[in-house]
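Let's take a friendly walk through this protein chain. Have the sequence and the 3D view ready, and follow along one stop at a time.

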Amino acid sequence: MAAQKLLFPVGFLVMAAIFIYLYSHSELHLFFPQKGNPNGSHRTLVHSKPEASRDLLSDNFRLVIKVLAYDRLESVTRCLESLASADYYNDRVKLHIFVDHFRIEEQGTSAGPMEIDSKLMNAHQILQYVDDFDWEHGEKEIHYRTHNAGLQAQWLEAWWPSSDDEFAFIVEDDMVLSPLFYRYLRALIATYYYDPQNFSPMIYGASLQRPRFVGGKHGNKLKVDNHTRLFLYQMVGTWGQLLFPKPWKEFRLWYDMHKSK
């Protein structure tokens, strides 16, 4: 339990770093009008059908699902089963599962032999499950760490884009996804990354998490599109995070420059 209690503050640190980067590099308003439209009509998610979004997607488009797991077999089971049940439009989608190693020491005290044996058994059960898990939508890869990395390192080291057409969807193992999540993400990518009318280098991706902080509470009001219910937001969500390749590379390089200062 002690290890789980550390997940929130550690995760908050990496999310805070991403927020600082976005805030210092962005002049975005929370919602802005379409380019060249004097009436200020809002950007909308228009490519909801698979054939429409496919017309905009690059031939090299590729999405990788990154599942961050730790020591919860029931949670990762629910998460992976929901991912396997989603509709991927016959696209090939890679599944990359990161299983973090358990902690040998908890708050400065070493675990005893019986506790270590129990943790080993739990870790091996998780590994056995993900090894046997059938992923028919593409390639499956498993990364089992030799030492406990923690949630921050799990996030930061999960992905380095192999191209400007590779996207990552970060999923922590306590999430359950809608069968339509991929349809939604693919439409977002087609509309806000590949469509030149909607593209902005300031958009780093999209979050499926409900925002917990109300931007503009004491200033400008948050404007939500009445049709799509989409809006721009300068905080990163840790649950169900779609990352665009170019902004993520920029953030990682920025993080490398500032982490030791």
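Glu-141 and Lys-94 join their side chains in a salt bridge, at 2.7 Å from N to O (a salt bridge is a side-chain nitrogen of Lys or Arg within 4 Å of a carboxyl oxygen of Asp or Glu). This pair links distant parts of the chain, 47 residues apart: Glu-141 lies in strand S5 (residues 140-144) and Lys-94 in strand S2. Helices (H or I, at least four residues) and strands (E, at least two) are DSSP runs, numbered from the N terminus. Lys-94 is buried, with a relative accessible area of 14%, while Glu-141 is partly exposed at 31%. Buried means under 20% relative accessible area, exposed over 50%, and partly exposed in between (1.4 Å probe, protein chains only).

Keep in mind that this is a predicted model, where local features need pLDDT of at least 70, side-chain atom pairs count only at pLDDT 80 or more, and totals for chains, interfaces and linings use all residues. Residues are numbered from 1 along each chain as its sequence is written, and side-chain values use heavy atoms, leaving out hydrogens and water.

By this rule there are seven salt bridges. Another one joins Arg-72 to Asp-173, with the closest N and O atoms 2.5 Å apart. Asp-173 is buried, with a relative accessible area of 0%.
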